Amino acid sequence: MSGPVEHAGAEPSPAVLAPFERRAGRALMLGHVHPDADVLGTLLALGLALEDRGWQVAYGGPHPAPAPLGFLPGIERYRRLTAIEGAFDVAVLTDCPNPQRTEGLIDQARRAAAVVVNVDHHPDNRRYGHVNWIDVTASATGEMVHELLAALGCALTPAIATNLFTAIHTDTGSFRYSNVTARTFRIAAALVAAGARPALVSEWLYERRAADALRWLGVALARVEVSEDGRIAWLALPAGAVPAGFVESEELVNYPRSVASVRVACLFRELDGQVKVSLRGKGDVDVQRVAAQFGGGGHPNAAGCTVGGPLAEATRGVLAAVRAAIAAAPGATERPPA
Ligand code: AMP
Ligand code: MN
Ligand code: MN
């Protein structure tokens, strides 16, 4: 290919479509670390659509798909990869803002594939592909892949629709966050018309807790702290305080976020000597900029980073940065704590 292609529109440009327009080929669908429903749902949706057209498709990434997403149609095809073997016409990454989030697999993908296509909605995307389609107005890459399949004329099977609907459902917090637009609902409606079942997806995502999960939720929530001015709420979980599978099956950071006065919510999770930090805002503080100070990234209202331990020190350092960001935010003085 000639130089890298960059496209920012809501619909794919001809250059974004070109790699998929051949009659059949070999595609690698490459996921990011700790894959979530947006990356898995979009890789599976696009891969299944290509398979319907006779393509051979491999799916995988640095970490396995989490058990709670075992209902996504085709998920059994998604493999944990330590190396990329074989040659591909196209390698596709979705929802992956930077090469580090593939733990080195992107470098192998570049050698193994003629074209690397980067489809993402993160503002801090590093444009590491031959083709980079970055639409920061999309609530989820699920919206973008819907538009891609529509432009390619691919049929939306119930399996494809369920994958894309789940991607959008999770990245919008069940259609509740500020990233939801009229387009989000238009696409969601099309996906339901094509066979996605909202009640089933909700049940699969939120009503399959293990019997002891509510007890662990009690243990975790007992650790929530709120700053004196009410603007920051956080939850610091020492290693082993609750089972890892439990933390991974819950969006725990949403609980401190739900306090009325809170501008920024944080989850600090100690894991293997490091601390995984999740940050959530409500529109007035750009938490992606806070995460970036610690080498992380994300979206203005949902970001993360990993910092060195111990837990108490990591918590202190990130909370100081959050406090500074709140003080510097426009409206910080007009909006007293509730
Ligand atoms: P999480 O809090 O893990 O659900 O992540 C929220 C958002 O922040 C997602 O869009 C992630 O892509 C991003 N994010 C989380 N952790 C990191 C990290 N260590 N580096 C870069 N981005 C991250
Ligand atoms: Mn993701
Ligand atoms: Mn996403």
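Start by selecting residues 141-152 and 158-171, which are helices α4 and α5. Helices here are DSSP runs of H or I with at least four residues, and strands are runs of E with at least two, both numbered from the N terminus. The two helices pack at an angle of about 150°, and their axes lie 8 Å apart; axes are lines fitted to C-alpha atoms, for helices over the stretch in contact, and angles run from 0 to 180 degrees between N-to-C directions. Show side chains next: on α4 the contact (heavy atoms within 4.5 Å) uses Gly142, Glu143, Val145, His146 and Leu149, and on α5 it uses Ile160, Leu164, Ala167 and Ile168. Coloured by class, that makes six nonpolar, two polar and one charged residues, where Ala, Val, Leu, Ile, Met, Phe, Trp, Tyr, Cys and Pro count as nonpolar, Asp, Glu, Lys and Arg as charged, and the others, Gly among them, as polar.

A word on the ground rules: this is a predicted model, in which local features need pLDDT of at least 70 and side-chain atom pairs count only at pLDDT 80 or more, while totals for chains, interfaces and linings use all residues. Residues are numbered from 1 along each chain as its sequence is written, chains are lettered from A and ligands numbered from 1 in the order in which they are written, and side-chain values use heavy atoms, with hydrogens and water left out.

Now for the parallel sheet. Seven strands form an open sheet in the order β1-β7-β6-β5-β2-β3-β4; two strands pair if DSSP finds at least two bridges between them. Select 5-7 and 78-80 to see the edge strands, β1 and β4, each pairing on one side only. From one strand to the next, the twist averages 20°. Zoom in on β1 and β7 (131-134), joined in parallel by three bridges; His7 stands opposite Trp133 there.

Which strands does helix α2 touch? Select 37-52: α2 packs against β2, β3, β4 and β5, and its direction makes about 170° with that of β3.

Move on to the mixed sheet, an open one of six strands ordered β8-β9-β10-β11-β13-β12. β8 (224-226) and β12 (297-298) stand at its edges with a single partner strand each, so one side of each has no neighbour in the sheet. Pick β10 (264-271) and β11 (274-281), which run antiparallel and share eight bridges. Glu270 is the bridge partner of Val275, and Ala265 stands opposite Arg280. Two residues separate the strands of this hairpin, where Asp272 takes a positive phi near 50°. Six of the eight residues of β11 are buried, meaning under 20% relative accessible area, with exposed over 50% and partly exposed in between (1.4 Å probe, protein chains only). β11 also pairs with β13, antiparallel over seven bridges, and Gln274 has Gly308 as a bridge partner.

Finish on α12 (311-328), which lies across β9, β10, β11 and β13 at about 160° to β10. Its buried residues include Leu311, Val318, Leu319, Val322 and Ile326. On the face turned away, find the exposed Ala312, Arg316, Ala327 and Ala328.
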